[in-house]
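Here's a quick briefing to read with the structure open beside it. Start with the overall picture, then go to the ligand and the backbone.

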Amino acid sequence: MSTAQQLNTQFGITGQLGFREDTSGLIVAEINNTQATASLCLQGAHLMSWQPKSQATPAIWLSRDAKLAVGKSIRGGVPVCWPWFGAHATEPGFPAHGYARTTPWQVIESGSEPDGETRLTLRLLANEKTRAQWPHPCTLELIVSIGETLRMELITENTGSSDFVIGEALHTYFRIGDIGAARVSGLQDCEYWDKVGGSELKKQQGAINFSSETDRVYINTAAECVIEDDQLKRRIRIAKSGSLSTVVWTPWTAKADKMGDLGQPDGWREMVCVESANAFDNTVRVAAGTSHTLIVEYRTESV
Ligand code: TA6
């Protein structure tokens with residue numbers, strides 16, 4: 001595993017991209033360019049923060065209780081859920097949302113893009129533990145481009161001789177003023193599995209407003225979503241490709257209290273998850289020798 005100093009020598013970009021070792025011993029990439037600031041923990045290729053310079057408030061939420069620890073997921077940011085979404089289909093002892101977000105990744109490339117964005121490419125480092133849960137020969141890479149727009153590409157390559165099926169998500173926690181003054185549009189008329197109180201297939205009517213725990217997997221949709229934030233007077237546009245599911249989640253009070261790491265007592269009110277995914281009916285078969293890419297692009301607009 002490279003040290004922060006080795007990474008700075010090989011991939012650092014003066015005045016834009018540097019690497020530091022956190023007190024947990026994990027390595028964090030810090031990005032500060034003309035368009036935005038961001039930070040990304042190499043474990044899990046976990047983007048923890050993103051704030052366009054045009055915005056007074058970050059666009060990505062990180063719990064004030066978030067702690068970096070080896071092998072532990074970070075509450076907030078953009079967890080990479082892969083190679084399954086939610087609970088493992090047959091192994092209750094396997095980690096929820098897969099192992100990618102708690103496994104070391106390595107930096108394989110960095111660069112400055114023409115308009116001033118900073119690009120970072122990371123690859124998951126398979127090991128004995130991951131192969132025990134996922135024996136398929138494959139690579140997983142994440143390309144992040146940080147600017148006024150945040151673009152993330154999650155690329156699965158099947159390097160083996162047999163097909164495999166993945167579930168995945170960029171499980172993004174967006175920063176909002178207050179859940180009671182925010183709504184999500186773009187999913188009207190889409191079918192969704194309502195995970196609150198069993199799992200029933202329903203159809204979305206109009207925009208999604210929030211007044212209780214909401215945990216929905218919208219299926220068969222490539223739609224762009226918009227978070228309308230009346231309190232922060234902004235929109236966050238969520239465009240995607242290579243994804244046919246969108247997950248919308250707020251834990252609300254009881255679940256937030258039970259989880260205990262969302263920034264008590266009401267840190268959970270300042271976030272909503274809108275996750276670009278391939279889950280439930282939309283898992284992806286990656287044929288031998290081919291690759292599959294899930295892409296998101298996030299933009300903020302002051303209104
Ligand atoms: O995507 C929504 C969800 O599946 C919720 O059911 C909740 O479990 C959330 O993810 C957080 O999961 P985590 O494993 O990160 O605590």
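This is a predicted model: local features need pLDDT of at least 70, side-chain atom pairs count only at pLDDT 80 or more; totals for chains, interfaces and linings use all residues.

Residues are numbered from 1 along each chain as its sequence is written, and side-chain values use heavy atoms, with hydrogens and water left out.

**Overall fold**
- The chain has three helices and 23 strands, both taken as DSSP runs numbered from the N terminus (helices are H or I, at least four residues; strands are E, at least two).
- With a radius of gyration of 18 Å, close to the 19 Å from the globule rule for 303 residues, the chain is as compact as a globular protein of that length; the radius is taken over C-alpha atoms, and the rule is 2.2 Å times the number of residues to the power 0.38.
- The C-alpha trace spans about 50 × 45 × 35 Å along its principal axes.

**Ligand site**
- Around the ligand sit Arg75, Phe85, His97, Arg101, His171, Lys195, Asp215, Val247, Trp249, Lys255, Met259 and Glu275, where being near takes a heavy atom within 4 Å.
- By class, that shell has four nonpolar, two polar and six charged residues; Ala, Val, Leu, Ile, Met, Phe, Trp, Tyr, Cys and Pro count as nonpolar, Asp, Glu, Lys and Arg as charged, and the others, Gly among them, as polar.
- Strand S20 (245-250) and helix H3 (252-259) each supply at least two residues of the shell.
- Polar side-chain atoms lie 2.8 Å from a ligand oxygen for Arg101, 2.9 Å for Glu275 and 3.3 Å for Lys195.
- Taken alone, the ligand exposes 390 Å², and the protein buries 84% of that (Shrake-Rupley areas with a 1.4 Å probe).

- Most residues other than glycine have a negative phi, and most peptide bonds are trans.
- Trp82 and Pro83 are joined by a cis peptide bond with omega about 5°, and Pro83 is in the loop between strand S5 (80-81) and strand S6 (105-112).
- Gln264 to Pro265 is also a cis peptide bond, with omega near -5°; Pro265 lies in the loop between H3 and strand S21 (271-278).
- Asp189 isn't a glycine, yet its phi is positive at about 70°; look for Asp189 in the loop between strand S13 (182-185) and strand S14 (191-194).

Definitions and conventions
A polar contact is a pair of N or O atoms within 3.5 Å; within protein, one must be able to donate a hydrogen and the other to accept it, and residues adjacent in sequence count only if both atoms are side-chain atoms.
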